[in-house]
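Hello,

Here is the structure I promised to send over.

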Amino acid sequence: MELKRAFGITLRDTRKARRLSQEDFGSVISQTFMSQLESGTKGPTLEKMHDIAAVMGVHPITILTRCYLLLDDTLELEQLLERVRAEIAENPNI
């Protein structure tokens, strides 16, 4: 599975879990673009992802974490979080 597709699935599943429609994001993104993101044909900018996550009431890292867990079904949440912790600890000032 490619990254944009995994992101799209994650975005759609998170949106539905929050009981939001694509139209609920009208203040930050068009329904057409949201549909393209969810289908995996487009990818968001960092700013757009921040805006979308804010509408859903989740941290953007939550969406990315779920996306990467979907990409690698052998990866466990704790493994991923430990890797991130270690990488941040290696260079805490960057």
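**What turned up**

Helix 4 (residues 60-71) is the biggest contributor to the nonpolar patch, with 4 residues; helices here are DSSP runs of H or I, at least four residues long, numbered from the N terminus. Please bear in mind that this is a predicted model, where local features need pLDDT of at least 70, side-chain atom pairs count only at pLDDT 80 or more, and totals for chains, interfaces and linings use all residues. Residues are numbered from 1 along each chain as its sequence is written, and side-chain values use heavy atoms, with hydrogens and water left out.

Now for the salt bridges (a side-chain nitrogen of Lys or Arg within 4 Å of a carboxyl oxygen of Asp or Glu). The count comes to 4. One of them joins the side chains of Arg15 and Glu38, at 2.6 Å from N to O. Arg15 sits in helix 1 (residues 3-17) and Glu38 in helix 2 (residues 31-39), so this pair ties together parts that are 23 residues apart in sequence. Are these two residues buried or exposed? Both Arg15 and Glu38 are buried, where buried means under 20% relative accessible area, exposed over 50%, and partly exposed in between (1.4 Å probe, protein chains only).

Arg83 counts as exposed, at 55% relative accessibility, while Glu87 is partly exposed at 39%. Glu82 and Arg85 form another salt bridge, at 3.7 Å between the closest N and O atoms.

Best wishes

Conventions. Helices (H or I, at least four residues) and strands (E, at least two) are DSSP runs, numbered from the N terminus.
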